[in-house]
Amino acid sequence: MLQIGDEVVHFSAVFLLVMVVTRSATGASLFTAFLYVFMVMFRFPPVPADQARRVLRPRAPSGGVPVVAHRGGSHDAPENTLAAIRAASKNRATGVELDLSFTADGVAILMHDETVDRTTNGSGAVGKLQFVQLKRLDAAARHRLKDKFSGETVPTLQEAVEECIRHQLIIFFDVRGQPDKAASVLHEMYERFPVLYNSSIVSSFEPKVIYKMRQTDPKVVTALTHRPWRLSHFGDGTPRTLSMRDQLWTGLLDILLDWAHHHILWKLCGVSAILVHKDFISLDYVHYWAERGVEVVGWTVNTAVEKNYYQNLLKIGYITDSLLEDCEPHY
């Protein structure tokens, strides 16, 4: 939790910023007071620390830090499939990160992209395909090991959960949108499989998703996912737009979003962890969040050098595309 001194500094900064913009001390005072009252009344407390620790710091193989297979380990097996979950278990992952999506008829499935084009032999938007259509697709068709995994299908959320429970894997549910529908279907999973409360976490880039999840079921461990400059730049550093005006605007929004993540959103949602792109994590950054009772998890850590850094210096969990070998950076 933030210390009282921290809150004074943060709300003073809000007051000064609003006063500079509005040139009204009265307006700045009212806005700051409203924000403070809103935070007090509507923020969620984090889940108990021992519960969060069971999810984020389970006993890892060989006494190391937790290692989470990204999309089940997308380099080692077709991403977001049951085969990937089984491979992650075989390769001694602590857990798997899985992406939640929905078909046109409302079936909760695993899929990262908005379309099936990149990972399957099909084409079209996930949200416009019926489940029976999607189930006929080969989820290994575009994978480098497609011959080994030929015929692998896109699983439902429940199939994936059952497979993870069977292999005693921690689950990182990644949710990219549709907060109401996602919170509802995940709540059903938690009620059907209570073991998930101590073996899974719900994460998202979108704070509204996490807030809705806490509102629907405050017992669920949650995390915010964050990459600085995400609105203005792609993961490789390339600007999202060539327009200088748009770059300045999105850059300003990035600064505000970054500030909000570190000073407001984490506390409003009552998260237990923050998932941050590997290029922005340092020992000081880990200590910053540790003082607030929040665990840092890095993504996506894909080389032996990086993994050694996380294992031996940072000593925090990380998400990786491969548990077997170095692979290309993933953004």
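This is a predicted model: local features need pLDDT of at least 70, side-chain atom pairs count only at pLDDT 80 or more; totals for chains, interfaces and linings use all residues.
Let's begin with the inside. In soluble globular proteins, nonpolar side chains tend to be buried together. In our model, the largest nonpolar core has 54 residues, and the members that touch the most others are L100, L157, L186, V202 and I281. Helix α7, residues 179–192, gives the most to this core, with 6 residues. Let's pick one member and look around. Which residues does L157 touch, if we skip those up to four places away in sequence? They are L100, A108, I109, L110, F173, V185, L186 and M189.

Next, the aromatic rings. A pair of aromatic rings is described by the distance of the centres and the angle of the planes. The structure has 9 aromatic pairs, and one of them is W266 with W289, an edge-to-face pair with 5.8 Å between centres and 85 degrees between planes. W266 belongs to helix α9 and W289 to helix α10, and the two are 23 residues apart, so this pair links distant parts of the chain. Are these two buried or exposed? Both W266 and W289 are buried. They also belong to one aromatic cluster together with Y285 and Y288. Elsewhere, the charged end of K181 sits over the ring of F102, at 5.1 Å from the centre.

That brings us to charges. How many salt bridges does the structure hold? The count is 17. In one of them, the side chains of R86 and E163 meet at 3.5 Å, N to O. R86 is in helix α4 and E163 in helix α6, so this bridge ties together parts 77 residues apart in sequence. R86 is partly exposed, at 36% relative accessible area, while E163 is buried, at 7%. Another bridge joins R144 and E325, with their closest N and O atoms 3.3 Å apart. R144 lies in the loop between α5 and α6, and E325 in the segment after β9, so parts 181 residues apart in sequence are tied together.

Some bridges share partners: R71, E79, D99, D113 and R118 are joined into one network this way. Now look at H112, in the loop between β3 and α5. Its side chain makes polar contacts with the side chains of R71, at 2.9 Å, and D113, at 2.7 Å. Leaving aside neighbours within four places in sequence, H112 is in contact with R71, E79, N80, D99, R118 and R176.

Last stop, the backbone. Most residues other than glycine have a negative phi, and most peptide bonds are trans. Here, R92 has a positive phi, near 70 degrees, and lies in the loop between α4 and β2. Q178 also has a positive phi, about 50 degrees, and is found in the loop between β4 and α7. R92 is exposed, at 53% relative accessible area, and Q178 is partly exposed, at 41%. Finally, where is the cis peptide bond? It joins W299 and T300, with omega about -20 degrees. T300 is in the loop between β8 and α11.

Definitions and conventions
Residues are numbered from 1 along each chain as its sequence is written. Side-chain values use heavy atoms; hydrogens and water are left out. A nonpolar core is a set of buried Ala, Val, Leu, Ile, Met, Phe, Trp, Tyr and Cys residues joined through side-chain atoms within 4.5 Å. Buried means under 20% relative accessible area, exposed over 50%, partly exposed in between (1.4 Å probe, protein chains only). Helices (H or I, at least four residues) and strands (E, at least two) are DSSP runs, numbered from the N terminus. Contact means heavy atoms within 4.5 Å. A polar contact is a pair of N or O atoms within 3.5 Å; within protein, one must be able to donate a hydrogen and the other to accept it, and residues adjacent in sequence count only if both atoms are side-chain atoms. Rings of Phe, Tyr and Trp (its six-membered ring) pair if their centres lie within 6.5 Å; planes under 30 degrees apart count as stacked, over 60 as edge-to-face and the rest as tilted. A charge sits over a ring if NZ of Lys or CZ of Arg is within 6 Å of the ring centre and within 35 degrees of the ring normal. A salt bridge is a side-chain nitrogen of Lys or Arg within 4 Å of a carboxyl oxygen of Asp or Glu.
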